Amino acid sequence: MNKVKCLIIGSGPAGYTAAIYASRANLAPVLIEGPQLGGQLTTTTEVENFPGYPDGVEPFTMMDDMRRQAERFGTTFVSGIVTKVDFSTSPKKVWVEDTDLYEADAVIIATGASAKYLGIESERTYKGRGVSACATCDGFFYRKKTVAVVGGGDTACEEANYLAGLCEKVYMIVRKPFLRASDIMQQRVLNNPKIEVLFEHNTLQLTGEGKVQGADLVYRKGEPDEQLRHIAIDGFFLAIGHHPNTELFKDYIARDAEGYIITHDNSTQCFKCENAQMGKCENEKIPGIFAAGDCADPHYRQAVVAAGSGAKAAIEADKYIKSL
Ligand code: NDP
């Protein structure tokens, strides 16, 4: 058994920033790095919107910089996946790979969210070479080019509008005969001359020599008037939703209907959930558990916002630990 003051779960911008702050506060934090070292950001090609890198930065370099900064002040890194937690008593219990038990006064959850993908083979083939799940991160690389956005919700509409500001043409590939997005977002898309909405279309596969150059689509799949169609594109953006990586904590902390952790007002403090299966979450804070980054943020999903909330979580964890 390992006894620690502050345990951080997750190695994205939120987790590493929490580690920098917690280690500078002499909390000697332990950070469990999880399945994707560096988090979601490492699936993008280049980061150009994180302050402090005027020439842009390769995502692995940026995450390694954050990691080294946390290491410099005494963070201990553990590679492994958290498989079980018990937040019912203090200190909180966290198991890594089912076997290594950590007992922590405070836990900062920074497990992020994962973009949903369609599940077609060619998405994997072209990941980072024309396939992206973040228009704000990668849109700039497609200036004056043609791209497609998959999805018909608010995210897809927002991404299509954003991309239309940069690109020559934007297709929206929508599986239903209507958009699910809010009226105002739909109007923006439908009134934008650069956006062509392809209703009732599904993507069969992406094509191209070493990078995305086109997509094979099917119109009204399974219907008598089903038709195949090919579009030439340079980028393919998924906007079909995200899953927050919070399933592990569902019996202890309150989450919204989508699984995002609910935090208290403007803080990172979590609420108790005594019996999540029954959907009964108490309006009561759970002492010593803080959430930062995309696992608690259905709105912004930006590295700099995640980093900011990581700093807040560490400051709040420090205050809590000092109060014990
Ligand atoms: P949503 O779940 O609202 O929409 C997902 C979209 O992707 C739907 O059109 C859905 O189609 C489509 N989709 C899902 N799976 C597939 C698939 N396998 N193949 C093709 N299409 C698929 O997710 P969002 O991320 O858009 O939004 C999440 C929440 O965040 C919503 O509540 C939204 O309102 C909110 N939001 C608000 C914003 C704002 O107010 N500015 C901005 C962004 C998000 P179908 O309709 O057929 O199910």
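## The loop at Pro 91

Pro 91 sits in the loop that runs between strand S4 (82-86) and strand S5 (92-96), where strands are DSSP runs of E with at least two residues and helices are runs of H or I with at least four, numbered from the N terminus. The peptide bond leading from Ser 90 into Pro 91 is cis, with omega near -5 degrees.

This is a predicted model, in which local features need pLDDT of at least 70 and side-chain atom pairs count only at pLDDT 80 or more, while totals for chains, interfaces and linings use all residues. Residues are numbered from 1 along each chain as its sequence is written, and side-chain values use heavy atoms, with hydrogens and water left out.

## Positive phi values

Glu 200, in the loop between strand S11 (195-199) and strand S12 (201-207), has a positive phi near 60 degrees although this residue is not glycine. Arg 220, in the loop between strand S13 (214-219) and strand S14 (227-232), likewise has a positive phi, near 50 degrees. Most residues other than glycine have a negative phi, and most peptide bonds are trans.

## Packing of H1 and H2

Helix H1 (residues 13-24) packs with helix H2 (residues 59-72) at an angle of about 20 degrees, their axes being 8 Å apart; axes are lines fitted to C-alpha atoms over the stretch in contact, and angles run from 0 to 180 degrees between N-to-C directions. H1 is therefore roughly parallel to H2, a term for angles under 35 degrees.

## Ligand surroundings

The ligand is surrounded by 13 residues, among them Gly 152 and Asp 154, each with a heavy atom within 4 Å of the ligand.

Notes
Parallel < 35°, antiparallel > 145°, perpendicular 65-115°, else oblique.
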